[in-house]
Amino acid sequence: MPRPVNERRLGAPIPPRLMKPAGVPARELQEIRLGFDEAEALRLADLEGLYQEAAARSMGVSRQTFGRIIEMARRKTADAILNGKALRIDGGEITIGERGAGIMKIAVPSRDGLVDEHFGHCKEFLVFRAEGDKLVVEPTIPSPEGCGCKSGVAADLARAGVSHLVAGNMGDGAVRVLGAHGIAVIRGASGEAAIAAQAFLKGALADSGVGCSGGHAAGHGEPGHECPR
């Protein structure tokens with residue numbers, strides 16, 4: 001007996017539609033069906049640029065399952081475009097929910113319990129899990145050697161289920177890398193790490209939108225540095 005297909009979560013409803021080559025009646029074309037879950041995978045991976053691990057979390061599936069979904073979606077889309085077929089978006093085992101719905105985990109780059117102003121040099125990441133309006137302390141994540149965006153720390157945080165990073169300063173390159181792993185960045189925090197995380201949870205802290213100025217260390221926002229994707 002085949003295993004049942006788990007529902008895949010969509011960040012927002014996708015309207016059913018039919019796309020076809022111009023000037024040819026749909027009844028004369030071979031039709032390919034792209035499920036809503038496959039369309040969502042294309043949106044997350046190819047429009048929003050999420051890495052597969054982050055996209056899989058957003059859809060509520062394993063990374064391996066997401067890999068199969070996106071591979072099939074790309075193959076179907078390429079077949080329709082290159083071979084002049086009609087592409088219908090419809091169907092699939094899906095449920096609608098907010099993107100990234102689930103447990104909120106907040107990480108704070110820290111040194112001695114305080115928000116470390118320099119993300120690329122933090123000692124560790126303090127992690128808090130939101131339960132209602134309260135925070136529960138999770139295991140601390142040690143920072144790798146030089147915890148800037150080139151260190152792979154974004155993947156470490158994503159694997160730990162971190163959904164938000166509350167920081168002091170951070171360059172735009174690091175923000176993009178964290179975003180590609182499904183982690184939202186809130187800059188402009190200071191003081192005690194736990195208090196900063198609580199302020200964000202209560203809606204009293206929003207991203208300042210201000211990146212690092214020149215002169216900081218590599219991986220943090222110095223002139224000429226660009227974080228890889």
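**View 1. Helix α3 lies across strands β3 and β4**. Axes here are lines fitted to C-alpha atoms, for helices over the stretch in contact, and angles run from 0 to 180 degrees between N-to-C directions. Helices (H or I, at least four residues) and strands (E, at least two) are DSSP runs, numbered from the N terminus. A word on the model itself: it is predicted, local features need pLDDT of at least 70, side-chain atom pairs count only at pLDDT 80 or more, and totals for chains, interfaces and linings use all residues. Residues are numbered from 1 along each chain as its sequence is written, and side-chain values use heavy atoms, with hydrogens and water left out.

**View 2. Three strands form an open sheet in the order β2-β4-β3**. The pairing in this sheet is mixed. Because β2 (17-19) and β3 (31-34) each have a single partner strand, they stand at the edges, with one side of each left without a neighbour in the sheet. On average, and with direction ignored, neighbouring strands of this sheet are turned by 20° against each other. Three bridges link β2 and β4 in the antiparallel sense; two strands count as paired if DSSP finds at least two bridges between them. Look for Arg17 opposite Ile89 of β4. Helix α1 (residues 36-47) packs on the sheet, where it touches β3 and β4, and its direction makes about 70° with that of β3.

**View 3. Lys85 sits in the loop between α3 (63-82) and β4 (86-89)**. Lys85 is buried, with a relative accessible area of 17%; buried means under 20% relative accessible area, exposed over 50%, and partly exposed in between (1.4 Å probe, protein chains only). The side chains of Lys85 and Asp79 are joined by a polar contact of 3.0 Å. Such a contact is a pair of N or O atoms within 3.5 Å; within protein, one must be able to donate a hydrogen and the other to accept it, and residues adjacent in sequence count only if both atoms are side-chain atoms. Leaving aside neighbours within four places in sequence, Lys85 is in contact (heavy atoms within 4.5 Å) with Met19, Pro21, Gln30, Ile32, Asp79 and Ala80.

**View 4. Strand β6 (residues 105-111) is largely enclosed by the rest of the structure**. Six of its seven residues are buried. Strand β8 (residues 124-131) runs antiparallel to β6 and is joined to it by six bridges; here Ser110 has Glu124 as its bridge partner, and Val108 stands opposite Leu126. With strand β10 (residues 164-166), β6 pairs in the parallel sense over two bridges, and Ala107 is partnered by Leu165.

**View 5. Two hairpins, β6 with β7 and β8 with β9, each have two residues between their strands**. In the β6 and β7 hairpin, Asp112 takes a positive phi near 55°, and Arg111 stands opposite Leu114 in β7. In the β8 and β9 hairpin, Gly132 has a positive phi near 65°. Seven bridges pair β8 with β9 (residues 134-142) in the antiparallel sense, and Phe128 has Val137 as its bridge partner in β9.

**View 6. Helix α5 (residues 172-180) has buried residues Gly173, Ala174, Val177, Leu178 and Ala180**. Seen down the axis of α5, these residues fall within an arc of 160°, so they line one face of the helix; the arc is that of the directions from the helix axis to the C-beta atoms. The buried residues of α5 pack against α2 (52-59), α4 (153-159), β10 and β11 (184-186). Following α5 comes Gly182, with a positive phi near 80°.
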